[in-house]
Amino acid sequence: MFIFDAHLDLSMNAMEWNRDLTLPVSEIRKKEKGMVDKPDRGKNTVSLDAMRKGNIGLCVATQIARYVKPGNKLPGWHSPQQAWAQTQGQLAWYKAMEDAGEMIQVSNKKELTAHLKAWKNDKENTPIGYILSLEGADSIIDLSYLQKSYDQGLRAIGPAHYGPGTYAFGTDSIGGIGKKGKELLKEIEGLRLILDATHLCDQSFWETMDVYEGAIWASHNNCRKFVDHNRQFSDDQLKELINRNAVIGMALDAWMMVPNWVRGKSTPESTGVSLLHMIQNIDHVCQLAGNSLHVGIGTDLDGGFGLEQSPKDLDTIADLQKIPGLLKDKGYRKEDIENIMSNNFIRFLEKNLPN
Ligand SMILES: [Zn+2]
């Protein structure tokens, strides 16, 4: 079954983890044998090769670089200009993947239709499609840079990531969107970008809902009902997004799937975290919506974690092909399963991408 993944930090893996994503996952693991600089070394789950094996022919691929103001202890760049330059390096990698015939940017309706058709007819020889998204807007030095990014193909943007940002407060921080955040949202509306609500803290989330009227999705978010943390959406937030015709992508970061995960201590085996926990989150959104039209897949695999913090029944991203069977076991019909695996996000893009 064709799969759409709404959140992958592919260029971050290429540029900061030094992973050649054209290789099979097993080859990348071999190259990282003995490395200890990051907890997920040798435990990666994503490569373009594995995406192909899993029939993941279209994804949202990010640019991501945080600017940290003095006093902010999170890792990040010390000026917005450095953060911008980092995202430009990441874009250069996507462009090189396009030149190599590995990936193709999808930035409008026409390209979307053409890509889906090409993949259906000859997926062996069709590059993997990607919609360019920015996770955390700190690298947008001023609003003129948003136009620059749009011209480079940017089609979705999340104002915040972790901690306090320039335009909004993100995960594990508390605060509103302020004047800068409101100006950013106006510009997002003006450019008809897709707003990604993921990572907004509660206050910034609700203040955004007060002023923003454009297209909105949440690329990688799970439900607070199962793991009570500010990174997760409450039922009220999920309902608000559903009322705005959003699609919410379900993530596969283990700590967001089972409660009381302790980083570096809990393991997939000790907690029993599995793809069934994703099914639980998917089903909850469907129950809130009363249909299967507002939930999708946004795995975040290799988003700073690997096998050590992934479902125990997943070895590579190709294992996403196990999800349709699990949904079927839960009683989901074929049409609902296809909605969840790709069609909801595709319909969203058909409606919201430029012509
Ligand atoms: Zn994220």
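The model on display is a predicted one.

**The zinc ion.** Next, display the zinc ion together with its protein donors, which are Glu 135 through OE, His 199 through NE2 and His 220 through NE2. These donors lie 2.1 to 2.2 Å from the ion. Along the sequence, the donor residues follow the spacing E-x63-H-x20-H. Colour the chain by secondary structure and trace the pair Glu 135 and His 199, which links distant parts of the chain, 64 residues apart. Glu 135 belongs to strand 4 (residues 128–135), whereas His 199 sits in the loop between strand 6 (194–196) and helix 8 (202–211). Glu 135 is also buried, its relative accessible area being 7%.

**Gly 249.** From His 220, move to Gly 249, since the two residues are in contact. Gly 249 is found in strand 8, which covers residues 248–250. Is Gly 249 buried or exposed? Its relative accessibility is 0%, so it counts as buried. To see its surroundings, select the contacts beyond four places in sequence: Ala 218, Ser 219, His 220, Asn 221, Gly 296, Ile 297, Gly 298 and Phe 345. Then draw a distance from the C-alpha of Gly 249 to that of Leu 58; the separation is 14 Å in space and 191 residues in sequence.

**The largest pocket.** Now switch to a surface view and locate the largest pocket, which holds about 1,100 Å³ of space. Its lining comprises 44 residues, and those closest to the centre are Arg 66, His 161, Tyr 162, Gly 303 and Gly 304. Colouring the lining by class gives 17 nonpolar, 13 polar and 14 charged residues.

**The whole chain.** Along the principal axes, the C-alpha atoms fill a box of roughly 45 × 45 × 45 Å. The radius of gyration is 19 Å, which agrees with the value near 20 Å that a compact globule of 355 residues would have. Colouring by accessibility shows that 59% of the 355 residues count as buried.

Methods. Residues numbered from 1 in each chain as written. Predicted model: local features only at pLDDT ≥ 70, side-chain atom pairs only at ≥ 80, totals over all residues. Heavy atoms only, no water. 1 Å grid on protein atoms, 1.4 Å probe; cavity = no way out; pocket = protein on both sides within 12 Å on 5 of 7 lines; lining within 4 Å. Points joined across faces, edges and corners; volume = space filled by probe spheres on them. Nonpolar A, V, L, I, M, F, W, Y, C, P; charged D, E, K, R; others polar. Donors = N, O, S within 2.8 Å, 3.2 Å for Na, K, Ca; no water. Helix = DSSP H or I, 4+ residues; strand = E, 2+ residues; numbered from the N terminus. Buried < 20%, exposed > 50% of the residue type's maximum accessible area, 1.4 Å probe, protein only. Contact = heavy atoms within 4.5 Å. Rg over C-alpha atoms; globule rule 2.2 N^0.38 Å.
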